[in-house]
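Work through the exercises below with the sequence and the model open. Each task is followed by a solution in steps.

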Amino acid sequence: MSDIKTTIKTLGFCGPCTASDPAEIDVKDGKILRTRPFRYTDHAPKEGLNAWTIKARGKEFRAKEKSEISPFALAYKQRVYSPNRILYPLKRVDFDPNGERNIQNRGKSKYVRISWDEATDIIAREVLRIKEKYGMNSIFVQSDGHHAVKTIHGPRGTQGALLDILGGYTLQARNPDSWEGWYWGAKHIWGQDPVGQGNQNNLFLDVARNSDMVLFWGCDVVTTPWGWGGHFPSRYCFFLRDIGVRQIYICPDVNYGCAVHGNKWIPVLPNTDSALQLAIAHTWIKEDLYDQEYIATHAVGFGTFVNQVMGRDDGIEKTPEWAETVCGVPARTIKALARSWAKQNTSIAHCNGGSFIRSTYSHEPARLEVALLGMQALGKPGRNQLKMMEYQLFSLDSQMPAPRAQFIPDLVSILFPYAADTRESLVTETLVPEALAGDYSRENPLTWYGCTCAGVPVEDQFRKIEYPAPGCERIHMVWTDSPKWTSSWNGGFKFMDALHSEHIECVVAQHIWMEDDCLLADIILPVNTKFEEYDINCDITSGNYNMLLIEEQSIPPLGESKSDYECAMAVAEKLGVLQELTGGESIADKVKKGFMNSGVQDYISFEEFKEQKCYVVPAAEDWEEDVAGFYAFYSDPENFPLTTPSGKLEYYSQRLAESFPEDTERGPYPKWIEKGETHPDERLSTPRSESYPFLLVSNHPHWRLHSQMDDCAWFREIKTCKVKGPDGYAYEPVWINPVDAQKLNIKSGDIVKLFNEGGWVLGGAYVTERIRPQVVLQDHGARIDPIVLGESDRGGSNNLIAPKKITSKNCAGEVTSGYLVGIEKVDVFELAQRYPEAFSRKYDPETGVIVDAWLAE
Ligand SMILES: Nc1nc2c(c(=O)[nH]1)N[C@H]1C(S)=C(S)[C@@H](COP(=O)(O)OP(=O)(O)OC[C@H]3O[C@@H](n4cnc5c(=O)[nH]c(N)nc54)[C@H](O)[C@@H]3O)O[C@H]1N2
Ligand SMILES: Nc1nc2c(c(=O)[nH]1)N[C@H]1C(S)=C(S)[C@@H](COP(=O)(O)OP(=O)(O)OC[C@H]3O[C@@H](n4cnc5c(=O)[nH]c(N)nc54)[C@H](O)[C@@H]3O)O[C@H]1N2
Ligand SMILES: [Mo]
């Protein structure tokens, strides 16, 4: 055993210094041997962990002694040694910065190995050239993806910090992707800055003690916590079952959470939840099943909402019978759901809300949910909106459903600043292709509302932004360290087209693996995984305990890879600004500085911290006394108002009415929108559905985190992860109901294409009753494997064909699910004959497409 070294790493993907999935990594002879859960009890502080226990209805739910890590964490080491890793700097073979750039060949030409010296030379010269010719704001920084959690080493913000020294850059500002509907809609009814979801304090205790029923409404409590908090939320649901809390799943598919925990599945058509919600309100109003006294004291504008429900404003009474024709849920089921909800203490659970809050007009179902919760006395014990992941994240007042820890460790002191509110020049993520390639100038700018980075700054959706910003030129260079726009954002093919624009003179990508947007870069820098880096990190999202940890290097960097920060340092050195970038601080200095400002320094010394490698924060002594959810508002709305302008639930938002008087889509009160100016024909009722008769559900992937982990051989051999085609290629599954499959002569294992005007992507059919009729399901984020660039994809990355539109007129959110597609069976051998180059690309049966496929011979 003595030659085995153990390091501690958090293996979540939540971005900088938040983590989840703390694990112990055993290393032998410079190679990762195994990944084990982290044992909190082995690392308890002197004063003990004050282990918490939720006691409810005669049973107990306790903090675990070890971390409940996800399969992603366990399999991550395989990605370290993936044959798809980029090990050396690469240059597109026909990109000559001093001569022909052959921009039109991005995505088509292959790559050659170059030295770090040559790569950093080219990048430094390009930066200076662009600065001289157009100004620094013509360099576009894409630096916002999720990624292995790293604090010092990036990727988030490192190249931006370097460019700021030289005068600035244009920022790709993240839209509130995880929360679109809550952010654009729910905030206007209950406030809840920054992202618009409900108050979480102590809700695991509240639900366990007081709820009779929980509606998992667009929630897969098994799948999506894997990306953020491991198995903890699923374990909690087993506890709910043990104590008799009913778990109802409302979603188009029997997702994994539904399969494991659901007492009942209510299959709704994608993005028709608003109809279902209005019909529930209808039943309550008709049968006098809501809390009128609460509405009188806690809400404003309820009358306009009642008018919408009763059809006094639009002529459609939102009866359960009407809703049945829209959302596909039988009227009797809607009425039964409405009645049992009114009778019992009911909470609604989400991870983030499901794809319907990322579809067309997603603000409506989100604020309708709040409207319904309000009608049943939001905040009364057992009646709240419960979040099953992201404990303590994005909160202004340390919200969390799990028992509160003594404190939240904080590493902000050593993060590079990355704030949308301090940027003069930025582009929201949903409008990037337009900004890169469109015909915009100061005289004719691209405009939209909102410049958020996950909901911060909070007032931004009322602010109109212009690109190019005042005094700035348009974008001419892209430097990305999160190269997955094509696979994670809607209209990926349009992004590919945009990178062929003559405006974009140089594209630099930093990445670990050869995939997605990298295929269109001119220069690629090889980045290492977190196993190869020395860093400091914290875990505030796993649910059992918070912790701060030193992440020692597990193994030396593979090939010539460097961390994202070191990439920026290498270019800074060429530009003569290394000292300014580092501030004279070594990595070890930064680790110490992070610790000294983390909060943990009040409990142990830095020497002790280094010695024990981590500090686990005990549970707070008084956690059980925390007021749960919206209880304070429920019991005393005058003294504990909401953060809306009136302090109450605003069924009618005066602020929206005044700020956007012309907006016929997101109006001042929530309603059913069959179609509108922005999305005239994305529903099954439109004539367009004759050509594209299915609604596509594109969930967060069960076996990936967005685009990450797709090359993991251990997952790919699992039957539900990929469908093996007759040509041996592993296709991304497409779920289809037997009723539809029979009509189209599709059998499990057939290869199909999903298509609309935007193009087509392939998939492997999985015929199953786990998906309702009229709907097909394919998770998002499969690695791109182009057939015809900008037109078709073998990998099954469906965001390539998602509508290139925003949520609604004044809401620049994404539309990545719940849109119309057609589906048909294809013959892969025929396709292989028609597209020989794409179908003969180098391919590893276990991993899929590998870096060798893109290297020039
Ligand atoms: N169809 C559909 N699309 C969706 C959604 C949906 O529900 N349906 N949801 C949306 C949501 S909520 C989100 S958050 C977005 C997610 O979109 P992103 O956050 O953009 O997705 P990721 O694939 O996680 O992107 C992270 C990238 O960073 C890379 N990376 C990982 N570690 C490192 C590192 O250390 N250094 C560098 N340089 N790179 C690294 C990863 O390989 C990957 O390319 O997707 C959105 N898209
Ligand atoms: N394994 C894994 N975990 C992840 C991620 C990942 O990519 N993979 N991503 C992380 C990120 S960034 C985020 S934001 C969260 C996302 O967390 P969520 O937003 O909760 O995830 P989704 O997969 O979009 O949706 C959850 C469920 O909603 C249901 N659903 C889909 N469409 C509809 C609809 O129209 N109506 C209703 N009622 N239900 C619908 C589906 O059953 C789906 O399984 O997950 C995080 N965790
Ligand atoms: Mo997200």
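Buried means under 20% relative accessible area, exposed over 50%, and partly exposed in between, with a 1.4 Å probe and protein chains only. Strands (E, at least two residues) and helices (H or I, at least four) are DSSP runs numbered from the N terminus. This is a predicted model, in which local features need pLDDT of at least 70 and side-chain atom pairs pLDDT 80 or more, while totals for chains, interfaces and linings use all residues. Residues are numbered from 1 along each chain, ligands are numbered from 1 in the order in which they are written, and side-chain values use heavy atoms, without hydrogens and water.

**Exercise 1.** Determine which way the side chains of strand 26 point, and which strands pair with strand 26.

Solution.
1. Strand 26 covers residues 694–697; F694 and L696 point one way, L695 and V697 the other way, and all are buried.
2. Two strands pair if DSSP finds at least two bridges between them.
3. Strand 35 (residues 819–825) is antiparallel to strand 26 and joined to it by three bridges, with V821 opposite F694.
4. Strand 32 (residues 775–777) runs parallel to strand 26, again with three bridges; here L777 stands opposite V697.
5. For context, UniProt (unreviewed entry) places "domain: Molybdopterin dinucleotide-binding" at residues 694–806; such annotations may be inferred rather than shown by experiment. That span is 31% strand and 9% helix, and its end C-alpha atoms lie 21 Å apart.

**Exercise 2.** Describe the residues around ligand 2 and its polar contacts.

Solution.
1. A residue is near a molecule if one of its heavy atoms lies within 4 Å of it. There are 36 residues around ligand 2, of which T224, D253, D273, R358 and R704 come nearest.
2. The shell divides into 16 polar, 15 nonpolar and five charged residues. Asp, Glu, Lys and Arg count as charged; Ala, Val, Leu, Ile, Met, Phe, Trp, Tyr, Cys and Pro as nonpolar; the others, Gly among them, as polar.
3. A polar side-chain atom of D273 is 2.7 Å from a nitrogen atom of ligand 2.
4. Oxygen atoms of ligand 2 lie 2.7 Å from a polar backbone atom of N271 and 2.9 Å from a backbone N or O atom of H706.
5. Of the 910 Å² of accessible area that ligand 2 has on its own, the protein covers 99% (Shrake-Rupley method, 1.4 Å probe).

**Exercise 3.** Is H511 buried or exposed?

Solution.
1. H511 lies in strand 20 (residues 506–511).
2. H511 counts as buried because its relative accessibility is 12%.
3. The side chains of H511 and E515 form a polar contact of 3.3 Å, that is, a pair of N or O atoms within 3.5 Å; within protein, one must be able to donate a hydrogen and the other to accept it, and residues adjacent in sequence count only if both atoms are side-chain atoms.
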